[in-house]
Amino acid sequence: WSSAASDVYKRQDEAEAILMRSESGTLLRWLDSLPEEIVQDRPSLCAYRAWALFLDGQPWDEIKTHLVAADCEDLSMSGKATALHALAAIYQGRLTQAEELSRQALQGLSEDDILLRSIASWNLGMVYLSQGHDQKGIKALEEVARVSQETGNLMVTVMVLCNLADVWFKRGQLHEAEAIYQRALEHAIDRQGRRLPVAGQALIGLGEIEREWNQLETATQHLSEGIQLVQNWGNIWAIEGYLTLARVQQAMEKYDAAQESFVKAQKLAEQFDVTELDDKVVALHLARFRVAQKHFDAVIQWVDERRLRQEAALEEGLEGEIYNNYHIRIYERIVLARLMIAQGQYQKAINFLTLVIVAAQNAGRVNLMIEAHILRSLAFYAQDWADEALRAVETALSMAEEGGYVRLFVDEGQLMK
């Protein structure tokens, strides 16, 4: 016991450095090897364990147990816990509370707490983006990336760059997004030049772009490597990796493999109970796959459970607690439109897609606008409305040209090819 305590005393300052290298799995294995009473006696180790568990996608009740042990009268320790509560609030769509908690964390954390101060600042940038304040959010994230890079905080540097890349991806500017992901990869290496676990997030982002550009073999390689890397850091990012890999496998007509990838994503989403958003994202991707496979009964059940036929759902604004529901509804409505087209309900699909285009434009989701115009074209064509179909596809092509979109078109079959 005394030997373990001595080892902890010598190495406890390394916990932050381990997390900054995104080696959460390494940190958890070290902490699990120690007598529990030694860890519980050191609030900073409890806080870092909570962070590592969060990134690993573990249940919230287990995470909170360690946050309670870390949250003592010491203001700095309280700040470590508050920063994580702020991040959880973002995942849950509680943006006002997330902003308040992030500011509290910054007030409580010391200037020397490089990792968690950067995460609290990152939280604020994400809140601004989520509230629709894009320029303010981008500026905040760029500053966090700069400071994190200067202080050797590799994990946050790469995470923030990936967030910025995602902004450009959703805006339809795929080449800009690719360049930022590549920049993130350049930072995600250790002193020996080996890729750190956080590099997996950038590789998964690149895989999504490569999938859209129809570079399916390269996408498969990057996604597979990315998933493997993040397993030693944050399983919550593996969910996105498996979902994108499933779409690649579907494009390659490897349907059994795609189904297996969906199952893996589902298991991870169910384990991570901080938010229901990941479960909803997995469900809508699976529903889209099932529409393509003509498994309509399961999709209809999903539509009814999510109450997607209520048109008022997309009339809601972007404020406050409904942020996650509003944005997920846009994606879900596109799947519903796909179901309607598959079942021959063309005019209903057109009506729904009109709502989707307005909502996607308000949310700055160019990728969704392109997809909606493509689907409108298919619905018009199915009714022999050739002029309307041509105008819709021309609009989609015009919006897609800058980003070089391919799969959004060829995934719709021979007619679009």
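Predicted model: local features only at pLDDT ≥ 70, side-chain atom pairs only at ≥ 80, totals over all residues.
**Helix 8.** Helix 8 covers residues 95–108, 14 residues in total. From its first C-alpha to its last I get 20 Å, close to the 20 Å expected at 1.5 Å a residue. I then listed the buried residues of helix 8: Leu 95, Ala 98, Glu 99, Leu 101, Ser 102, Ala 105, Leu 106 and Gly 108.

**Leu 84.** I turned to Leu 84, which sits in helix 7, residues 75–91. Is Leu 84 buried or exposed? Its relative accessible area is 0%, so Leu 84 counts as buried, the cut-off being under 20%. Leaving out residues up to four places away in sequence, I find Leu 84 touching Ala 50, Trp 51, Phe 54, Ile 63 and Leu 67. I also checked Leu 84 against Glu 332, which is 248 residues apart from it along the chain. The C-alpha atoms of Leu 84 and Glu 332 are separated by 29 Å.

**Second largest pocket.** I noted a volume of about 770 Å³ for the second largest pocket. Its lining has 25 residues, and those closest to the pocket centre are Gln 250, Ala 292, Asp 411, Glu 412 and Gly 413. Which helices each supply at least two residues of this lining? I find helix 15 (235–251), helix 17 (277–292), helix 19 (323–342), helix 21 (366–382) and helix 23 (407–410). By residue class, I recorded the lining of the second largest pocket as eleven nonpolar, four polar and ten charged residues.

Methods
Residues numbered from 1 in each chain as written. Heavy atoms only, no water. Helix = DSSP H or I, 4+ residues; strand = E, 2+ residues; numbered from the N terminus. Expected span 1.5 Å × (residues − 1). Buried < 20%, exposed > 50% of the residue type's maximum accessible area, 1.4 Å probe, protein only. Contact = heavy atoms within 4.5 Å. 1 Å grid on protein atoms, 1.4 Å probe; cavity = no way out; pocket = protein on both sides within 12 Å on 5 of 7 lines; lining within 4 Å. Points joined across faces, edges and corners; volume = space filled by probe spheres on them. Nonpolar A, V, L, I, M, F, W, Y, C, P; charged D, E, K, R; others polar.
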